[in-house]
Amino acid sequence: MNFAAIMGYSGFYLLGSGFSNTEIGIIIAIAGILSAVLQPVLASYADRPESPSLKKSLQLLLVLQLILGIALLFCKSILLTGVVYGCGVTLLQLLTPFINSLGMESINQGQTLNFGIARGMGSVAYAALSYVLGIITSRTGITAVPVCIMIVTLILMGCLALFPFTKSNSVPTKDNVKEKTSNPLQFFRKYKRFTIVLTGCILIYLGHVLLNSFTFQIVQSKGGGSSEMGTATAIAAMSELPTLFLFGYMLKKARCDTWFRLTGIFFTLKSLGSLLAPNMTVFYGIQIFQMLGWGLMAAASVYYVNSIMDTEDAIKGQAYITMTYTLGSVIGAFLGGALIDFSGVNTMLLFATISAAAGAVIIFFGAEKTA
């Protein structure tokens, strides 16, 4: 729901605040770069035995998010508005690996938690809030966005306070730590194959972001408009739910790395289908590939990281896998518009397909077996 309010309505809010589309792109890109830099740094700190628990770290980030939401109501300067909103986007992206790690650590501690269903409900909540906020903003204007950010953040803080979690007291020793990972170079040296997989994820996410960020332009090229874009987006979002809700069952049928490898193939099929679709009817049909593309990746990547990481590296691993999406988004924001302006939608879709295919090959051969 935070993503729906902050990212989903970023264009609406910032345009209404006086920013141009180009300036909005710059704000989002800078926020993405900042979060990509900060994610591994904060994760490295959080992985230390002496650091505050994940729950306390999340509570601190949410307090900062709440302060930023309040600040947006009182920003009079357009420059200050851009800075505050950009900080909000950065904080939002920092929350993701911490929340994923909180779920995985709870599972590791023996808590009964179905991450797939939780992630699926996140998609439902995103769609629901997007719809409701659309109605509210049409009547009240941009002020509804920071108010919504504040309300959702307070709700999340309340849920987090009730969430049963205790920081693990296990302290790594010389016997159970193979190699220190206090900085990125040490981490990547320890997890060489994971480093290769991260490259594949960046390429896959780049293709995915190009399709998602420029959906309207793609739909126009197939003969549709804003209504058709909404329908296509809804079909894609609903296609994710069966995979997310059933992922716990799927893990009983095949190893996590098998499902993780499969995701790249379906990302590629969706990009290729978008390129080849001659009309909107076919374009609607290829949205089903979202089921085993993004829908599967959202759960499989989190479980995969949890399976291959030592305890002391778990949060860093989640941060790096989240960072790949952030980097893909930043690169896609810069490349997508330029490709469309200079060569057209089909060139952009061809690039997205090649990028996704390259990423799929890297993940297929680079991923290691999980238990």
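This is a predicted model: local features need pLDDT of at least 70, side-chain atom pairs count only at pLDDT 80 or more; totals for chains, interfaces and linings use all residues.
Visitor: What makes the stretch around Ser35 a helix, and which helix is it?

Guide: Ser35 lies in helix H3. Helices here are DSSP runs of H or I with at least four residues, strands are runs of E with at least two, and both are numbered from the N terminus. Residues are numbered from 1 along each chain as its sequence is written, and side-chain values use heavy atoms, with hydrogens and water left out.

Visitor: Why is Ser35 called buried?

Guide: Buried means under 20% relative accessible area, exposed over 50%, and partly exposed in between, with a 1.4 Å probe and protein chains only. Ser35 has 0% relative accessibility, so Ser35 counts as buried.

Visitor: Which residues does Ser35 touch, leaving out those up to four places away in sequence?

Guide: They are Thr90, Gln93, Leu94 and Thr326. Contact means heavy atoms within 4.5 Å. As for Ala319, 284 residues from Ser35 along the chain, the two C-alpha atoms are separated by 9.9 Å.

Visitor: What makes a set of residues a nonpolar core, and which residues have the most contacts inside the largest one?

Guide: A nonpolar core is a set of buried Ala, Val, Leu, Ile, Met, Phe, Trp, Tyr and Cys residues joined through side-chain atoms within 4.5 Å. The largest has 39 residues, and Leu14 and Tyr85 have the most contacts inside it. Helix H5 gives the most to this core, nine residues. Beyond its neighbours within four places in sequence, Leu14 is in contact with Phe19, Ile24, Ile27 and Tyr85. Apart from that core lies another, of 37 residues, including Trp259 and Leu296.

Visitor: Why does the chain's radius of gyration agree with a compact globule?

Guide: The radius is taken over C-alpha atoms, and the globule rule is 2.2 Å times the number of residues to the power 0.38. For 371 residues a compact globule would have a value near 21 Å, and the chain has 20 Å, so the two agree. The C-alpha atoms fill a box of roughly 60 × 50 × 35 Å along the principal axes.

Visitor: And how many helices and strands does the chain have?

Guide: The count is 16 helices and zero strands. Buried residues make up 49% of the 371 residues.
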